[in-house]
Amino acid sequence: MSRVGKLPISIPNGVSLNVDKFNVKIKGPKGELSQRVHRDIEVSVEDGEVVLKRKNDLKQTRAYHGLYRALINNMIEGVSNGYKKEMELIGVGYRANSTGQLLELSVGYSHPIFFVVPSEIKVTTTAEKGQAPTVILEGIDKQLIGQVCAKLRSFRKPEPYKGKGIRFKGEVIRRKAGKTAAKK
């Protein structure tokens, strides 16, 4: 048995779950999400909990068992509480502005980067004196938020010498000494 897959998922108040053959639809106070489930995985609701069972014991089916349990758990968490990621821009002259779903980043290139954030995600930016500019992404789909964060990070990855770049708030970057430290 999959250690993750065999755990039941409790359904909080205000969240409704609809299982239709291979589709799982979850509706909550923050929104609605749906996920298509592989045909070898059976999803059922028992005593206010979601239980996933697999039809056979093949290696791929065992992998799907834990995967779909995690995906459905993330969906329930998303529609009930939502997800929030904060990214900071570390570097001299780095700025971020958002107007609606358009995010403008100035991260040390000769031109600003314009990035259109998907409509499912709410984006806000903050710039306080003495603090690094921050981009805050909020939404109900954990996978989509992670994908947008990865794309933003790819515009200017944090480098190990000065630590400049776009990184998650609170992330620690391993720093290298550089060549001036070797001469001494």
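A nonpolar core is taken here as a set of buried Ala, Val, Leu, Ile, Met, Phe, Trp, Tyr and Cys residues joined through side-chain atoms within 4.5 Å, where buried means under 20% relative accessible area, exposed over 50%, and partly exposed in between (1.4 Å probe, protein chains only). The structure is a predicted model, in which local features need pLDDT of at least 70 and side-chain atom pairs count only at pLDDT 80 or more, while totals for chains, interfaces and linings use all residues. Residues are numbered from 1 along each chain as its sequence is written, and side-chain values use heavy atoms, with hydrogens and water left out.

In soluble globular proteins, nonpolar side chains tend to be buried together. In the present model, the largest nonpolar core has 22 residues, and those with the most contacts inside it are Leu 89, Leu 105, Val 135, Leu 137 and Leu 152. Two or more residues of this core are given by each of β7 (83-90), β9, β10 (113-116), β12 (134-139) and α2 (142-155), with α2 giving the most, namely six residues; helices (H or I, at least four residues) and strands (E, at least two) are DSSP runs, numbered from the N terminus. A second, separate core comprises 17 residues, among them Ile 9, Val 37, Tyr 68 and Ile 72. Contact is defined as heavy atoms within 4.5 Å, and by this criterion Leu 152, once its neighbours within four places in sequence are left aside, is in contact with Met 87, Leu 103, Leu 105, Phe 115, Val 135, Leu 137 and Ile 166.

Strand β9 spans residues 102-106 and contains Leu 102, a residue that counts as partly exposed because its relative accessibility is 31%. Together with Phe 114 and Val 116, Leu 102 makes a nonpolar surface patch of about 290 Å². Patches are made of residues with over 30% relative accessible area and no salt bridge, like charges being joined within 9 Å and nonpolar side chains (Val, Leu, Ile, Met, Phe, Trp, Tyr) within 5 Å; the accessible areas come from the Shrake-Rupley method with a 1.4 Å probe, and for residues only the protein chains shown count as cover. Ser 106, also placed in strand β9, has a relative accessible area of 16% and is therefore buried. Apart from its neighbours within four places in sequence, Ser 106 is in contact with Gly 93, Tyr 94, Arg 95 and Pro 112.

Thr 134 is found in strand β12 and is buried, with a relative accessible area of 5%. The side chain of Thr 134 reaches the backbone oxygen of Ala 132 at 3.3 Å, a polar contact being a pair of N or O atoms within 3.5 Å, of which, within protein, one must be able to donate a hydrogen and the other to accept it, with residues adjacent in sequence counting only if both atoms are side-chain atoms. When residues up to four places away in sequence are not counted, Thr 134 touches Glu 86, Met 87, Glu 88, Thr 124, Thr 125, Thr 126 and Lys 169.

Side chains of opposite charge can pair when their charged atoms come close. The structure holds nine salt bridges, each defined as a side-chain nitrogen of Lys or Arg within 4 Å of a carboxyl oxygen of Asp or Glu. In one of these, Lys 169 pairs with Glu 88, the closest N and O atoms being 4.0 Å apart; this pair links distant parts of the chain, with Lys 169 in the loop between β13 (165-168) and α3 (179-183) and Glu 88 in strand β7, 81 residues apart. Lys 169 is partly exposed at 45% relative accessibility, whereas Glu 88 is buried at 14%. Both residues belong to a network of salt bridges that links Lys 84, Glu 86, Glu 88, Arg 167 and Lys 169. Arg 54 forms a salt bridge with Asp 57, with the closest N and O atoms 3.0 Å apart; Arg 54 is buried, at a relative accessible area of 17%, whereas Asp 57 is exposed, at 52%.

Most residues other than glycine have a negative phi, and most peptide bonds are trans. Phi of Lys 21 is, however, near 55 degrees, a positive value, and this residue is found in the loop between β2 (16-20) and β3 (23-27), where Lys 21 is exposed with a relative accessible area of 69%. Asp 47 likewise has a positive phi near 55 degrees, is placed in the loop between β5 (41-46) and β6 (49-54), and counts as exposed at 81% relative accessibility.
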